[in-house]
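Hello,

I am passing this structure on to you, along with some notes to read beside it. Have a look first, and then come back to the text.

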Amino acid sequence: MKTSTDLQRVELNVRSETYDYRTPMKFGGRVVTDVTVVSVDCNAESASRAASGLGSMTMGVAWAWPDPSVGDTEKLDIVVELVGRIAKAFSGSELTGHPLDICHQMIPVRESLAKQLASERGLSSPIPDLAVLLAASPVEAALFDAHGKAADQSSYALLSQPYLEHDLAHYLGESAYRDVWLGDLISDKPVPSMPLYHLVGALDPLGDGDLDQPVGDGLPETLRDWIVRDGLTHLKIKLNGDDLDWDVQRVIRTHQVASSVREKPASGQADWAFSLDFNEKCADEEYVLSVLERITREQPDALRCIQYIEQPTHRDLERLPAITMHRVRERLPVVIDESLVNLRSLRTAIKQGYSGIALKACKGHAEALLLGAVARHEKLFLCVQDLTCVGASLLHSASLAAHIPGVAAIESNGRQYSPAANQRWMADFGEFFEVRGGQVPTRMLSGPGLGYGNDPALTQ
């Protein structure tokens, strides 16, 4: 089945830029001080018109490829090279149709390219699945963006018949999804606004007493300052996962600082939402339970603020003995992040006691849509997170969150750590990067394609 919106030709070009962080970010025992952004420009044609699409993503190799045997510089070089090879393969494939079908058919190609590149570089281990997904993500985003712009419609409005030939069973390989369409589970319009999840990094000062070296750039210097300026209500707290006292006190002190700015309402319900992110560092389920028990005893009001827990233990769910989360799930929702690379990993996680998943645009637009649909259909806990995204990559991440019903809030870490990378987008999307009232105006992402338009760098 062919439609007038099908892509008939695509040409992809890759460019990159690097920005220093204004302050270091620590997570999972690693410290990051800069970010490389890879953007992909897509010139595409449908039967009716031609259009240009844009995909962009921060190359978070410290997160996607933590293997210490390969240096960070080499990892980054390899992943950026892989983006270029994937883009070239898409351009030369001569595949036509809906971007979801093109991306689905290109999965074995990108895997083959990754294996070939690993061999050429003499790597002792394969490039991790997460790093391969990261490399493909700006390519996929550019394709979906161009598809929507060529049709002069939102990309999210093109996910059902007659625009899409196949139901979800075709992509997922599960008969339970026969006659279920992606557009049945993904909204064609963004919600008007969403709360912002602000990152509390492990090195970030909470109050003035923690501030040893002020940056002095006019932006907030402490968590308290950020809360006051931006009207924050949601905080994502990075924890060590191997230092019980530190982790417990970090949550309690964060709660104290937040409460000193704004008291809880008279109803007694917490007006703060926390997520606890251990970045795989917990040895076992007992550690997570110990953190929760200590917080319960020492500051029960802080416990009531915790909305969910992210990826407490190692990303490899196949390791034996398996570390389950059944008892943690009885207390609070617990989601996989680094573990989530495909439908199989989702199924394994649910069997091991996880409540749901954290989606990221950096794992690929097609993958995020499909796994988001599964989570919605099966009523799993669902959140969307960013990878310290900046510029178009943040707008893309926000558009995903705003079109997947059930996602409660948006992450936007780039505005804290790399505001310089957002500058050229400020004229059109200043409210996204200078948040006020704790809300992100996702209604602004209702335009054609993925909703954010063209890169101002190409028109200046």
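A word to start with: helices here are DSSP runs of H or I at least four residues long, numbered from the N terminus. Please keep in mind that this is a predicted model.

Now, which helix gives the most to the lining of the largest pocket? That is helix 13, with three residues. The pocket holds about 690 Å³ of space, and 30 residues line it, with His314, Arg315, Asp316, Leu317 and Glu338 nearest its centre. By kind, the lining splits into eleven nonpolar, eight polar and eleven charged residues.

Helix 13 covers residues 343-351, and its buried residues are Leu343, Ser345, Leu346, Thr348 and Ala349. These pack against helix 6, strand 8, strand 9 and helix 14. At the start of helix 13, a side-chain oxygen of Asn342 comes within 3.3 Å of the backbone nitrogen of Arg344. Just after the helix, Gly353 has a positive phi of about 105°.

There are also aromatic rings to look at, with a count of seven pairs. In one of them, Tyr308 and Phe381 have ring centres 5.2 Å apart and planes at 50°, so the pair is tilted. Tyr308 belongs to strand 7 and Phe381 to strand 10, so the pair ties together parts 73 residues apart in sequence. Tyr308 is buried at 3% relative accessibility, whereas Phe381 is partly exposed at 24%.

Finally, Trp425, Phe429, Phe432 and Tyr452 make up one aromatic cluster.

Enjoy exploring!

Definitions and conventions. Residues numbered from 1 in each chain as written. Predicted model: local features only at pLDDT ≥ 70, side-chain atom pairs only at ≥ 80, totals over all residues. Heavy atoms only, no water. Buried < 20%, exposed > 50% of the residue type's maximum accessible area, 1.4 Å probe, protein only. Helix = DSSP H or I, 4+ residues; strand = E, 2+ residues; numbered from the N terminus. Contact = heavy atoms within 4.5 Å. Polar contact = N/O pair within 3.5 Å; in protein donor to acceptor, adjacent residues only side chain to side chain. 1 Å grid on protein atoms, 1.4 Å probe; cavity = no way out; pocket = protein on both sides within 12 Å on 5 of 7 lines; lining within 4 Å. Points joined across faces, edges and corners; volume = space filled by probe spheres on them. Nonpolar A, V, L, I, M, F, W, Y, C, P; charged D, E, K, R; others polar. Phe/Tyr/Trp six-rings, centres within 6.5 Å; stacked < 30°, edge-to-face > 60°.
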